[in-house]
Amino acid sequence: MVSRQKKMAVAVFSGSIDRLTGLAMLVTGAVTMGFEVELFLQLWGAYAFKKDVLQRNMNFSEFQDKAPEVAKRLQELKLPSWFELIREAKKSGNLKIYVCSTAASIWGAKREDFELVDDIIGVGEWVEKMSEADITLFV
Amino acid sequence: MVSRQKKMAVAVFSGSIDRLTGLAMLVTGAVTMGFEVELFLQLWGAYAFKKDVLQRNMNFSEFQDKAPEVAKRLQELKLPSWFELIREAKKSGNLKIYVCSTAASIWGAKREDFELVDDIIGVGEWVEKMSEADITLFV
Amino acid sequence: MVSRQKKMAVAVFSGSIDRLTGLAMLVTGAVTMGFEVELFLQLWGAYAFKKDVLQRNMNFSEFQDKAPEVAKRLQELKLPSWFELIREAKKSGNLKIYVCSTAASIWGAKREDFELVDDIIGVGEWVEKMSEADITLFV
């Protein structure tokens, strides 16, 4: 009997680097455990994956006054950035990244304007994918 | 053999219009695909559905400095607001909206003080509903 | 036939007291209904459970200008704080709280530096646990 590969599907609304770090940790853990992972980038999530935004995005979602302390600590611990974690996870072949077609329209962007994105899809197709996952999250 | 209708259940904590737009997109997609959708409005989510708040709520959860740009872009694309999307999805008959009884107490509000709300229920009843869904999210 | 105990698993990224209150309500409801509940504290979630942070944390994630009004209202209604709700739920024996090992490193903290925490675990172990739950959330 072959057991089905487990699956995690995340609607990534947030584009803040602290929340994206939390997401990237979960993606890393899931890919390491052999899960199939799918991300669906909505408004700010799509924004954060834009090639012209990626390097200069410093937005924190909470405790903005503690951002410098956390950033310094991450550097001391030599932790990879959220994007490096996602890029590394992508190499496993088990991570697919989709941009919401409405978000792509809002940013006036095509697939090649985003980093690591496999495809631009509609929200109906996404919801179907999400309903087959063992873990569903909204970040 | 009749296949069961798929279900999405979302605890809506946020009352920020950017996050509610992300939610409304997912709700629209789910209803279009024939899913049954249930929302449970907690603190700020309940606040955003109050009749006296709905029209004047301009709160963004992230990238506040980019809010005017995004608002302008949504208008150019003639995208319906988060509330228009939810109201439209409601017409399908497959969307139920509940307010958390504690949130209703906090805002000193009754069912008729909220737009589109079906009922005020307790969190225990909600958790039971949520456990039967294919997709569970916290927004 | 013995029916399996239902399970809710939440990745708690946020450390803001409004979101933690929304979480604590869901945890209370789930434990009351006999669910097994597991929390995994990531960056700000771990921060909020630190013994030296717990009492002085006043951070709100949204509508900061309305925080005093909400705080006053919660007091009038004699609602327990998010932490009192979690502590009460813990007494049921059905709530387990884990800190993400990376978050513990970032804060330079050991298990005894956190309130109510059962263990520090890695994200791979967490994702496995999460995949067995009926309700999965990211707060």
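Helices (H or I, at least four residues) and strands (E, at least two) are taken here as DSSP runs, numbered from the N terminus. The structure is a predicted model, in which local features need pLDDT of at least 70 and side-chain atom pairs count only at pLDDT 80 or more, while totals for chains, interfaces and linings use all residues. Residues are numbered from 1 along each chain as its sequence is written, and chains are lettered from A and ligands numbered from 1 in the order in which they are written.

The description starts with a single chain. Chain A contains six helices and five strands, which follow one another along the sequence in the pattern β-α-β-α-α-α-β-α-β-α-β. The C-alpha trace of chain A extends over about 50 × 40 × 25 Å along its principal axes. Two residues are in contact if their C-beta atoms, placed from the backbone, lie within 7 Å, and of the contacts in chain A with a separation of 6 or more, 79% join residues 24 or more positions apart.

Phe63(C), in the loop between helix H2 (43–48) and helix H3 (67–76) of chain C, has a phi near 50°, a positive value in a residue other than glycine. Phe63(C) is buried, because 20 other C-beta atoms lie within 10 Å. Leu116(C), in the loop between helix H5 (101–106) and strand E4 (119–121) of chain C, likewise has a positive phi in a residue other than glycine, near 65°. Leu116(C), with 15 other C-beta atoms within 10 Å, is therefore partly exposed.

The arrangement of the chains comes next. Two copies of a chain are related by a rotation about an axis and a shift along it. Copies are superposed by least squares on the C-alpha atoms of residues with pLDDT of at least 70 in both. Chain A is superposed on chain C, with an RMSD of 0.0 Å, by a rotation of 120° with 0.0 Å of shift along its axis, and that is the relation of a three-fold axis. The C-alpha of chain A nearest the axis belongs to Leu137(A), at 3.2 Å from it. For chain B and chain C, a turn of 120° and a shift of 0.0 Å along the axis give an RMSD of 0.0 Å, and in chain B the C-alpha nearest the axis is that of Leu137(B), 3.2 Å from it. Only 12% of the interface residues of chain A are also interface residues in chain C, so the copies meet through different surfaces.

The contact between chain B and chain C takes 24 residues from chain B and 25 residues from chain C. On the side of chain B that touches chain C, two or more residues come from each of helix H2 (43–48), helix H5 (101–106), helix H6 (123–130) and strand E5 (135–138) of chain B, and the largest share, six residues, is that of H6(B). With Ala, Val, Leu, Ile, Met, Phe, Trp, Tyr, Cys and Pro counted as nonpolar, Asp, Glu, Lys and Arg as charged, and the others, Gly among them, as polar, this side of chain B has 12 nonpolar, 11 polar and one charged residues.

Within this contact, H6(B) packs against helix H1 (residues 17–32) of chain C at an angle of about 80°, with the axes 8 Å apart. Axes are lines fitted to C-alpha atoms, for helices over the stretch in contact, and angles run from 0 to 180 degrees between N-to-C directions. The angle makes H6(B) roughly perpendicular to H1(C), a term for 65 to 115 degrees, whereas angles under 35 count as roughly parallel, over 145 as roughly antiparallel and the rest as oblique. Val123(B), Gly124(B), Trp126(B) and Val127(B) of H6(B) make the contact with Met25(C), Leu26(C), Thr28(C), Gly29(C), Ala30(C) and Thr32(C) of H1(C).

Methods:
Buried ≥ 20, exposed ≤ 12 C-beta atoms within 10 Å, placed from the backbone.
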